[in-house]
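I opened my notebook to look around a structure that is new to me. Here is what I looked up, entry by entry.

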Amino acid sequence: MRPKSKKTRHGFDLLVKFLSSIAALIGIIFLVWIIFEVAARGVKALDWNFFVAPPTPPGTEGGGVANAILGTLAMLILASLIGVPTGIFAGVYLAEFGDNRFGEAVRFASKVMMGIPSIIVGLFVYALLVLSTGHFSGFAGALALAIIMLPIIARTTEDMLALVPNALRESALALGSPGWKMTLAIVFRAARSGLITGVLLAVARVSGETAPLLFTALNSPFWPKSLNQPTANLTVTIFNYAMSPYRDWQQIAWGASLLIMAAVLTLNIFMRIVLRERKKK
Amino acid sequence: MTRLAGKKKRHKSADRLFQYFSALCGLLLLLVMAGILFELIRNSQPSISRFGLKFLVSTSWDPVTGQFGALTSIYGTLVSTFIAMSISLPLSLVIALFLVELAPPILAKFVGYAIELLAAIPSIIYGMWGLFVFAPFMSQHVQPGLNKTLGFLPLFQGPPMGIGMLTAGIILSLMVLPFTSAVMRDVFQMVPAVVKESAFGLGATTWEVTRKVTLRYGLQGLLGASFLGLGRAVGETMAVTFVIGNDHRISASLFAAGNSIASTLANEFTEASDKLYLSALIELGLVLFLITLIIQALAQLWLKRIEKGAGKR
């Protein structure tokens with residue numbers, strides 16, 4: 001092989017540098033494009049009725065997604081009530097006691113579960129709850145969301161607790177504190193902002209989920225009176241409205257998209273700021 | 001003395017309770033995973049006993065006559081994933097190169113942040129944007145051009161409808177990009193500065209250092225990254241459902257509509273009225289679950305092996 005001349009080598013290097021800058025630019029262009037389109041189209045749908053009125057049939061003025069906002073919030077809260085404590089304690093097990101075979105298995109399962117498609121979780125809860133009770137329900141939707149949260153929270157909790165220096169644990173134990181008190185009062189306090197970030201991350205992740213709700217909570221044009229029936233929610237509403245041929249429904253789907261996107265991105269940016277503050281300390 | 005002993009005993013049992021309770025929560029994770037497998041197998045029994053292994057190789061999907069085969073969905077999943085990976089892997093490689101080697105720190109931080117935000121956008125938003133904004137863009141600008149220049153290939157023939165396999169693959173590549181480029185960036189940063197500096201010192205250009213030092217050094221990590229991205233792309237549901245066209249057909253052209261396992265589920269599940277139809281759909285879900293399970297398990301084992309190796313070095 002003949003050595004290439006210095007000129008070709010440096011020319012090629014320049015080309016690669018140029019291409020990689022373009023690639024980075026492409027990523028940013030798509031991000032801006034998506035955010036811009038959703039914001040521009042969505043903002044037209046946002047009026048008073050959008051936030052306070054239930055949906056209307058196509059062609060009728062004054063429809064909103066208030067019932068879906070309420071349903072989504074209710075399911076998110078219930079999902080957090082189930083998923084956050086179990087996830088945190090699973091993480092505690094991994095960080096504090098998980099240095100054995102069982103811990104390894106749980107750790108492996110949590111990593112694998114984070115990559116399981118959310119639609120599969122929806123199918124699972126459908127088979128578990130919807131088939132056995134005979135109807136779709138908000139409870140099933142919340143359970144599906146909780147299952148998705150569980151491994152995310154367990155993983156971040158383990159990571160955050162691992163950051164707490166062992167000297168802190170040892171000092172607590174040396175002062176005569178029992179192990180559980182040491183974990184809950186000392187280790188949790190030291191890892192507090194990290195734990196909160198992990199929880200918010202999981203909430204942000206599931207608040208945009210659609211696939212697991214399709215077969216569990218389904219959707220409904222009515223106010224959610226109880227979670228024991230099909231429950232209106234924003235994401236499935238977006239799906240149904242976007243696929244409908246009616247312009248005004250599609251418009252509302254854009255509005256709901258903007259709402260979801262704004263909420264998720266705000267949560268994400270907020271968490272990043274919190275994490276950065278923590279690192280500075 | 002006895003009081004102290006009693007207190008100690010109480011503490012001990014409370015400790016044990018605490019440990020058991022957290023172990024129980026950990027066990028829950030294992031139970032859920034086993035439960036998913038069990039429920040999917042149990043509920044797809046009618047379809048499994050009716051079609052057997054033929055389910056995996058049959059292309060017919062007819063709810064009216066009760067004939068179900070998964071091949072079109074599996075094919076669509078594989079093709080859309082392949083398109084996504086073949087775009088996002090090289091793209092994330094050069095993006096990682098940009099972030100680590102080229103950009104000034106402030107710019108790298110900003111760009112890296114923007115790329116990560118792509119992962120935060122929910123799937124359904126990609127779907128809305130893909131259907132109403134990107135698909136028309138594809139049909140007006142990209143597909144006619146591809147047809148004119150590469151139209152001699154059967155891949156790029158047919159009417160430019162916008163929706164279809166190619167559009168789904170491109171949107172998937174955007175969604176996978178943050179995951180692959182994050183891992184690649186970590187891999188690039190893992191290379192000891194001394195090694196790179198030695199190569200620079202010998203007069204190598206940035207690209208030569210990347211190709212001959214960094215990539216060699218981090219090859220295993222890159223493989224793990226692609227596996228993780230693959231796992232994401234295979235199971236993506238909503239964005240694909242919006243733009244893939246949902247047609248049970250295998251076409252040579254990437255412009256044609258198709259379907260994937262996840263999109264078939266999202267589209268047809270609530271319409272499935274009879275038992276056989278429902279169990280066929282659940283068996284599709286089982287196939288998808290097994291595919292992602294294998295990919296994820298391989299990726300995790302692989303990454304773990306590398307970590308161990310890195311510890312030894």
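Predicted model: local features only at pLDDT ≥ 70, side-chain atom pairs only at ≥ 80, totals over all residues.

**A bend in a helix.** I began with α7(B), where I found a kink of about 40 degrees at V176(B).

Next I looked up how far α7 of chain B reaches, over residues 165-190.

Is α7(B) largely enclosed or largely open? I found that 23 of its 26 residues are buried, so α7(B) is largely enclosed by the rest of the structure.

**Where the chains touch.** I then turned to the contact between the chains, which takes 64 residues from chain B and 68 residues from chain A. On the chain B side, the elements giving two or more residues include α7, my helix from above, along with α1 (2-43), α6 (123-150) and α12 (275-312). Which one gives the most? I noted α1(B), with 20 residues. I also sorted this side of chain B by residue kind and got 45 nonpolar, 17 polar and 2 charged.

**Over to chain A.** Here I noted two domains, domain 1 (6-43) and domain 2 (50-280). Their C-alpha centres lie 33 Å apart. The contact between these domains of chain A takes 5 residues from domain 1 and 5 residues from domain 2. On the domain 1 side, I wrote down 3 nonpolar, 1 polar and 1 charged.

Note on methods: Residues numbered from 1 in each chain as written. Chains lettered and ligands numbered in written order. Helix = DSSP H or I, 4+ residues; strand = E, 2+ residues; numbered from the N terminus. Expected span 1.5 Å × (residues − 1). Bend = angle between axes of the 7 residues up to and from the residue. Buried ≥ 20, exposed ≤ 12 C-beta atoms within 10 Å, placed from the backbone. Contact = placed C-beta atoms within 7 Å. Nonpolar A, V, L, I, M, F, W, Y, C, P; charged D, E, K, R; others polar. Domains from an automatic or database assignment.
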